[in-house]
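Trainee: Please walk me through one part of this structure in detail, and then show me how the rest is packed.

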Amino acid sequence: DDQIERERASQRLPGGCCALAAIYLMGKFYVANAGDSRAIIIRNGEIIPMSREFTPETERQRLQFLAFLRPELLGKEFTHLEFPRRIQPKELGKKMLYRDQSMNGWAYKKIEEDDLKFPLIYGEGKKARVMATIGVTRGLGDHDLKVFSSNIHIKPFLSCFPEVRVYDLTQYEHCPDDVLVLGTDGLWDVTNDEEVAAVVMEVLTSYEPNDPCRYTMVAQELVVRSRGVLKERGWRLANDKLGSGDDISVFVIPLGGPGNYT
């Protein structure tokens, strides 16, 4: 993150990205995630999550707590409080559900003038945004990112620190069909864990266990199925839903050595 900031200053290279990394070291996989990519292990048909996405919804309390401690970051245009919907001026003085950085549930409060400001976190699911600008809360770069038509920087709310999960390979017997799948959000936006696991098993069983191409073919199939087929109404999946319009990058890493097995 610091290097990206230095390059931004010296070479005028703006921008940013999420990051998902897997390192094998002394019999263990260390999977570090900063952003909305995802990693899962498929072992004997079982799905083992190795990361979680960092979004305005999953990190609501961290974002609200920072805004509570440093209200100047909100530029007098946003409130750190969350409400079920946008508040209208006519609702001043009325009671409405809200929650702050210390609350998991909801409580009632009397609506005040400050509550009319735009919420720090707005929207639900994939449409949730920080300051109506960005839908991912961890990653690298984006030092120049600002709220549209303002001088309010988003970067203070974006963390470059990853969450790390550890998987000990020495604790289990792994066969050639056991894999670690790394994918960007373009894959997971349209394909869930179970569907990915089904594709993995379908493709792997169509190749010999000793065929080194089988893992590459799984990754290729996951990309193709997530993108869909180009039709008159755009890219469509097999169920006719819209295919992913985002970047799709997939790695499939075998956990077990080659060999014949049943």
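Mentor: L25 lies in strand β2; strands here are DSSP runs of E with at least two residues, helices are runs of H or I with at least four, and both are numbered from the N terminus. This is a predicted model, where local features need pLDDT of at least 70 and side-chain atom pairs count only at pLDDT 80 or more, while totals for chains, interfaces and linings use all residues. Residues are numbered from 1 along each chain as its sequence is written, and side-chain values use heavy atoms, with hydrogens and water left out.

L25 has a relative accessible area of 47%, so it counts as partly exposed (buried is under 20%, exposed over 50%, partly exposed in between, with a 1.4 Å probe and protein chains only). Together with I23 and M26, L25 makes a nonpolar surface patch of about 370 Å². The areas come from the Shrake-Rupley method with a 1.4 Å probe.

M26 sits in the loop between β2 (19-25) and β3 (28-34). With 78% relative accessibility, M26 is exposed. M26 also has a positive phi of about 50°, although it is not a glycine. Most residues other than glycine have a negative phi. R12, in the loop between α1 (2-11) and β1 (16-17), has a positive phi too, near 55°, and is exposed at 74% relative accessibility.

Now for the inside. The largest nonpolar core has 19 residues, and V181 is among those with the most contacts inside it. A nonpolar core is a set of buried Ala, Val, Leu, Ile, Met, Phe, Trp, Tyr and Cys residues joined through side-chain atoms within 4.5 Å. Helix α4 gives the most to this core, with 6 residues. Leaving out residues up to four places away in sequence, V181 touches, among others, I40, W188, V196, L222 and V252 (a contact is heavy atoms within 4.5 Å). Apart from this core lies another, of 16 residues, including L63 and L73.

L63 brings us to helix α2 (residues 60-69), where R60, L63, Q64 and A67 are buried. They share one side of α2 because they cover an arc of only 95° around the axis, taken from the directions from the helix axis to the C-beta atoms. These buried residues pack against β10 (121-122) and β11 (129-130).

How values were computed
Patches are made of residues with over 30% relative accessible area and no salt bridge: like charges are joined within 9 Å, nonpolar side chains (Val, Leu, Ile, Met, Phe, Trp, Tyr) within 5 Å. A salt bridge is a side-chain nitrogen of Lys or Arg within 4 Å of a carboxyl oxygen of Asp or Glu.
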